[in-house]
Amino acid sequence: MEVPFAWQIAKLLVSVGIVLGLSLIAERISTRVAGLLSGYPLGTAVALFFIGLEIGPRFAADSAVYTLAGFTATLALGAGYLLCGRRDGLVGVLAGSAGGLVCWLAVSAALASVDFTRVSGSLTTLIAIALFSALYRRIPERRTTARGDFSWSALIFRAALAAAIIFLITGLAHVLPPAWAGLLSAFPVTFFPFLVILHLGHGAAPTATVIKHYPAGLGSLLSYALCVSLTYPAWGLALGTLAGFGVATLWLLAWTRLQALLAPASLVRQT
């Protein structure tokens, strides 16, 4: 099926806008908030929507079942980046990117060999979230220093990297089975470019803070993927996507509220 040019432009604009927005949040507000929002169904929603648009809602729904388990590979990417990208500057970015991508590919290959259901895929990632959250507890919090300068080179880099990943995922979905299409849809389309940008501009410490809080935001991604896997065939792409964002937003609001309630208790224990 030939993909209309307008769809390609839409993919470009959406993916670029998301990455730039996350970068602005990290620089002007908080790396913690940026880490949580990186787990919001942004890149995954774009990938699954355009896969459904170009190939069909049923294919996208079947792929979303493997997307549920694929978030475990995304967590592995973050861990690989954290372990290998401890140095500041380009050397740290290249080492972190290589380590993260190797971990993602290894875990994805293992997941592709399993016949997942919605339940088993969700449970796999929930266990991974609990494991990585526990492992990341001792990572110190580091904020970025706001910068007022504007860099055209940084803007072009962000645009190119985000667009390239989206186009690669949706392009490969045409020649791969639903299992691999779903695993690719779980690839951190916005999170990975964001890590590279943040690391280049502010160093390894704030980047580690974003990775630390990333597992907490994955609940909304799981909610989204589970919802669209059920609604795409029956409701279509538009209504299914809206329902998915609604469920993901409710989860994120509930999680934020829970964190606010638990924070005072944590402070009492520390004192």
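**Helix packing**

Guide: Start with Thr 72: at 13% relative accessibility it counts as buried (under 20% relative accessible area; over 50% is exposed and in between is partly exposed, with a 1.4 Å probe and protein chains only). This is a predicted model, where local features need pLDDT of at least 70, side-chain atom pairs count only at pLDDT 80 or more, and totals for chains, interfaces and linings use all residues. Residues are numbered from 1 along each chain as its sequence is written, and side-chain values use heavy atoms, with hydrogens and water left out.

Visitor: Which helix is Thr 72 found in?

Guide: Thr 72 sits in helix 4. Helices are DSSP runs of H or I with at least four residues, numbered from the N terminus.

Visitor: And what does Thr 72 touch?

Guide: Val 107, Leu 111, Thr 124, Thr 125 and Ala 128, leaving aside residues up to four places away in sequence. Contact means heavy atoms within 4.5 Å.

Visitor: How do helix 4 and helix 6 cross?

Guide: The axes of helix 4 (residues 57-84) and helix 6 (residues 118-135) come within 6 Å and cross at roughly 20°. That makes the two helices roughly parallel. The axes are lines fitted to C-alpha atoms over the stretch in contact, with angles from 0 to 180 degrees between N-to-C directions; under 35 degrees is roughly parallel, over 145 roughly antiparallel, 65 to 115 roughly perpendicular and the rest oblique.

Visitor: Is the crossing of helix 4 and helix 6 left-handed or right-handed?

Guide: Left-handed, meaning the near helix is turned anticlockwise from the far one by less than a right angle; clockwise would be right-handed.

Visitor: Which residues meet there?

Guide: From helix 4, Val 65, Leu 68, Ala 69, Phe 71, Thr 72, Leu 75, Ala 76 and Ala 79; from helix 6, Arg 118, Gly 121, Ser 122, Thr 124, Thr 125, Ala 128, Ile 129 and Phe 132. By class, that contact has 10 nonpolar, five polar and one charged residues. Ala, Val, Leu, Ile, Met, Phe, Trp, Tyr, Cys and Pro count as nonpolar, Asp, Glu, Lys and Arg as charged, and the others, Gly among them, as polar.

Visitor: Switching to helix 9. How many of its residues are buried?

Guide: 10 of the 12, so helix 9 is largely enclosed by the rest of the structure. Among them are Phe 191, Phe 192, Pro 193 and Phe 194. After helix 9 comes Gly 203, whose phi is positive, near 100°.

Visitor: How far apart are the end C-alpha atoms of helix 9?

Guide: They are 16 Å apart, which agrees with the 16 Å that its 12 residues should span. The expected span is 1.5 Å times one less than the number of residues.

Visitor: How does helix 9 lie against helix 10?

Guide: The axes of helix 9 (residues 191-202) and helix 10 (residues 204-235) come within 7 Å and cross at roughly 155°. That makes helix 9 roughly antiparallel to helix 10.

Visitor: What do the buried residues of helix 5 pack against?

Guide: Helix 4, helix 6, helix 8 (178-185) and helix 9. The buried set in helix 5 includes Gly 92, Gly 96, Gly 99, Gly 100 and Trp 104. Helix 8 is itself mostly covered, with six of its eight residues buried.

Visitor: Last one: is Gly 171 buried or partly exposed?

Guide: Partly exposed, at 38% relative accessibility. Gly 171 is in helix 7 (residues 152-172), and its C-alpha atom is 10.0 Å from that of Ala 47, 124 residues apart along the chain.
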